[in-house]
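Welcome! Please take a look at the structure below before reading on.

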Number of protein chains: 2
Amino acid sequence: MGRHREFDVEKALDAVLCVFWRKGYEGASYADLTEAAGVERPALYSAFGNKEAMFGRALDRYYERYLDYLPKALQLPTTREVATHILYNAIDLNTRYADHTGCLVINGVLAGSDEAEPVRQVLIDARAAAEAQLRERFERAKAEGDLPETARPDALAAFLMAVLHGMAVQAKAGFSREMLEAVAEQALSTWPAR
Amino acid sequence: MGRHREFDVEKALDAVLCVFWRKGYEGASYADLTEAAGVERPALYSAFGNKEAMFGRALDRYYERYLDYLPKALQLPTTREVATHILYNAIDLNTRYADHTGCLVINGVLAGSDEAEPVRQVLIDARAAAEAQLRERFERAKAEGDLPETARPDALAAFLMAVLHGMAVQAKAGFSREMLEAVAEQALSTWPAR
DNA sequence: ACTTTTTCATAATGACCGTTATTAAACCGC
DNA sequence: GCGGTTTAATAACGGTCATTATGAAAAAGT
């Protein structure tokens with residue numbers, strides 16, 4: 001019993017996700033969040049708890065809604081296809097929305113005051129988890145013969161992630177899709193072959 | 001005439017530079033800055049003006065004191081030496097101080113509230129200027145025959161910057177020097193030869 | 001020694017931060 | 001319709017933000 005919720009929690013989550021994407025965790029104030037969600041402050045608190053929990057929900061949604069190309073890419077037959085698929089999907093994601101460029105994770109992982117440290121740690125872990133998935137995929141490729149014996153799966157994964165992070169920074173700095181594609185091509189130019 | 005300044009402005013600038021490096025522009029509060037500088041608030045205001053101007057002074061100092069390897073690298077004979085020198089000096093800079101890892105520019109360029117937009121724009125411009133210097137150097141190399149005719153100086157410069165930015169993110173996430181060196185090696189393996 | 005000028009430390013300013021009491025409104029079972 | 005319960009909106013909370021007014025302390029000119 002009791003009164004029904006008058007706003008769509010999923011819609012509100014989509015809205016606050018975009019705010020966090022654009023401004024980062026600390027840069028997003030409740031004034032921004034309530035305006036974007038079209039909902040007053042206490043409603044956000046009752047739906048999500050505090051700001052940190054709300055960011056966690058937004059991060060989960062980011063992964064399942066915008067980073068869904070990652071698990072799909074890992075299933076491609078060759079590591080070159082894996083890397084290519086990830087790079088080009090990341091470029092698209094980083095430049096698709098003019099008002100929130102770059103990557104939600106990278107935009108929030110770098111700077112900020114001490115009180116944002118727990119959130120930063122969550123983002124660091126998320127970044128590391130993605131890299132670990134890549135490394136495991138490349139280790140498998142090495143066992144399957146898709147990568148040469150001299151290849152270092154950990155270094156390849158770290159390199160690919162570095163290029164992705166760098167492109168996220170460049171996208172935030174206003175890079176065009178074409179320029180990012182040139183960066184991706186250069187990164188792929190000497191991908192180790194069997 | 002008048003009373004003398006009792007603190008060393010240069011020392012104070014070094015101190016606030018480290019705070020900005022670690023926490024970014026918005027993440028650094030005056031409480032942090034005064035504590036690090038060992039100087040009360042009005043002294044910082046009289047010496048540097050407001051927070052934005054103080055950050056600008058810190059950024060200038062960062063370039064002349066920590067990024068001095070960049071102009072030196074541009075004078076090396078081959079583009080491969082240029083890229084190698086920059087990558088390894090960046091790794092050293094990004095991991096040298098455990099309490100402020102990564103890069104001051106990249107740590108401040110990404111997210112933040114709207115009122116930090118002017119500072120963000122300054123950092124974006126600084127990033128673009130460094131990339132332009134690289135591009136011009138690579139164009140020269142192409143004319144000199146150090147790079148093949150098929151090489152794209154703009155793409156090479158953007159790629160090198162992307163790897164640098166990515167390594168700055170990874171350093172902030174706790175990467176070891178050895179892992180970053182593996183990333184740099186992988187990046188250099190794609191470098192075009194004459 | 002005294003006035004002038006600059007720097008110093010203390011403490012206050014208004015604005016905004018994330019978070020909640022508080023109260024009115026809307027729904028349920030009865 | 002009516003009590004019980006949940007949500008909604010208004011407005012307030014203490015704390016911190018960047019910035020500065022205030023007045024004491026210190027140095028230079030006369």
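Predicted model: local features only at pLDDT ≥ 70, side-chain atom pairs only at ≥ 80, totals over all residues.

Residues are numbered from 1 along each chain as its sequence is written, chains are lettered from A and ligands numbered from 1 in the order in which they are written, and side-chain values use heavy atoms, with hydrogens and water left out.

Let us begin with the DNA. DNA strand D is surrounded by 22 residues (near means that a heavy atom of the residue lies within 4 Å of the strand). A:Glu6, B:His4, B:Tyr30, B:Tyr45 and B:Lys51 are the closest. Of the atoms of DNA strand D that come within 4 Å of the protein, 72% belong to sugar and phosphate.

| Residue | Protein atom | Distance |
|---|---|---|
| A:Glu6 | polar backbone atom | 2.7 Å |
| B:Ala28 | polar backbone atom | 3.2 Å |
| B:Lys51 | side-chain N or O atom | 2.6 Å |

Which helix gives the most to the surface near DNA strand D? That is α3(B), with three residues (helices are DSSP runs of H or I, at least four residues, numbered from the N terminus).

Now for the largest pocket: its volume is about 440 Å³. Among its 29 lining residues, A:Glu26, A:Gly27, A:Ala111, A:Gly112 and B:Glu26 are the closest to its centre. (On a 1 Å grid over the protein atoms alone, a pocket is an open set of points where a 1.4 Å probe fits, with protein on both sides within 12 Å along at least five of seven lines; lining residues have an atom within 4 Å of a point. A volume is the space filled by probe spheres set on the points, which are joined across faces, edges and corners.)

Key. Polar contact = N/O pair within 3.5 Å; in protein donor to acceptor, adjacent residues only side chain to side chain. Helix = DSSP H or I, 4+ residues; strand = E, 2+ residues; numbered from the N terminus.
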